[in-house]
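Please walk through this model step by step, with the structure open beside the text.

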Amino acid sequence: MNAPLPTITIPALGAQLEGGFFHGVVLIEGQLWGEVTGPKADCQVSGLAWHPDCTDIAGATSDFDGLANTRAMAAAGSPLAQAALACRSGGFDDWAIPARGCQLLQRAHLKPLLPEAEAFASKWYWSSTQFSRYLAFTQHFNYGYTSFIDKSWDGGCARFVRRSSIESLID
């Protein structure tokens, strides 16, 4: 017979903690992480291409590990990823571009909860997840669909996230 799983209580969706707004829990390589979306003033950028060249970037394909994707992008010369890794907000310096699975959590969990000043604009946001050599996934916060756009296009924006082990988020 299997032992019962331990019960944990996670923060409320939209709660302010760890430098941002809690938007959910993700499982990365067998470990649970709580993820927060950074404040708009410090953690949102626009006008930066995902990558200026149509290059396949190894290590930027995870649907949930935005930090690994962002690091791979930065190493390959992505101005967007370099901006994320340079972000300093709320006393934290480990911000990243969200992976596409995490953006689904942002839209579903935060869009209805954020105060107006922190709300996502009704447009598309880059994810850190590469679709192909030429394209990267985007999340459209106005209609809610996921799509992909040419990596070299600089017309979108991004809102950075960070993660913490779930244990550090529990009171």
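Just after helix H2, Gly 77 takes a positive phi of about 95°; helices here are DSSP runs of H or I with at least four residues, strands are runs of E with at least two, and both are numbered from the N terminus. The model is a predicted one, in which local features need pLDDT of at least 70 and side-chain atom pairs count only at pLDDT 80 or more, while totals for chains, interfaces and linings use all residues. Residues are numbered from 1 along each chain as its sequence is written, and side-chain values use heavy atoms, with hydrogens and water left out.

H2 itself spans residues 66–75 and is mostly covered, with seven of its ten residues buried, where buried means under 20% relative accessible area, exposed means over 50%, and partly exposed lies in between (1.4 Å probe, protein chains only). The buried residues of H2 are Gly 66, Leu 67, Asn 69, Thr 70, Ala 72, Met 73 and Ala 74, and what covers them includes helix H3 (79–86), strand S5 (124–130) and strand S9 (161–165); contact here means heavy atoms within 4.5 Å.

Helix H4 (residues 100–110) also has buried residues, namely Gly 101, Cys 102, Gln 103, Leu 105, Gln 106 and Leu 110. The cover over these residues of H4 includes strands S2 (20–28), S3 (31–37), S5, S6 (135–140), S8 (157–159) and S9.

Side chains of opposite charge can pair when their charged atoms come close. A search of the whole structure finds five salt bridges, each being a side-chain nitrogen of Lys or Arg within 4 Å of a carboxyl oxygen of Asp or Glu. One of them joins Glu 18 to Arg 162, with the closest N and O atoms 3.0 Å apart. This pair links distant parts of the chain, since Glu 18 sits in the loop between strand S1 (16–17) and S2 while Arg 162 belongs to strand S9, 144 residues apart. Glu 18 counts as partly exposed at 24% relative accessibility, whereas Arg 162 is buried, with a relative accessible area of 6%.

Arg 162 forms a further salt bridge with Asp 94, where the closest N and O atoms are 2.6 Å apart. Here too distant parts of the chain are linked, with Asp 94 in the loop between H3 and H4 and Arg 162 in strand S9, 68 residues apart. Asp 94 is partly exposed, at 27% relative accessibility, and salt bridges that share partners join Glu 18, Asp 94 and Arg 162 into one network.

Another salt bridge brings together the side chains of Arg 163 and Asp 65 (2.7 Å, N to O). Arg 163 lies in strand S9 and Asp 65 in the loop between strand S4 (44–46) and H2, 98 residues apart. Arg 163 is buried, with a relative accessible area of 17%, and Asp 65 is buried as well, with a relative accessible area of 10%.
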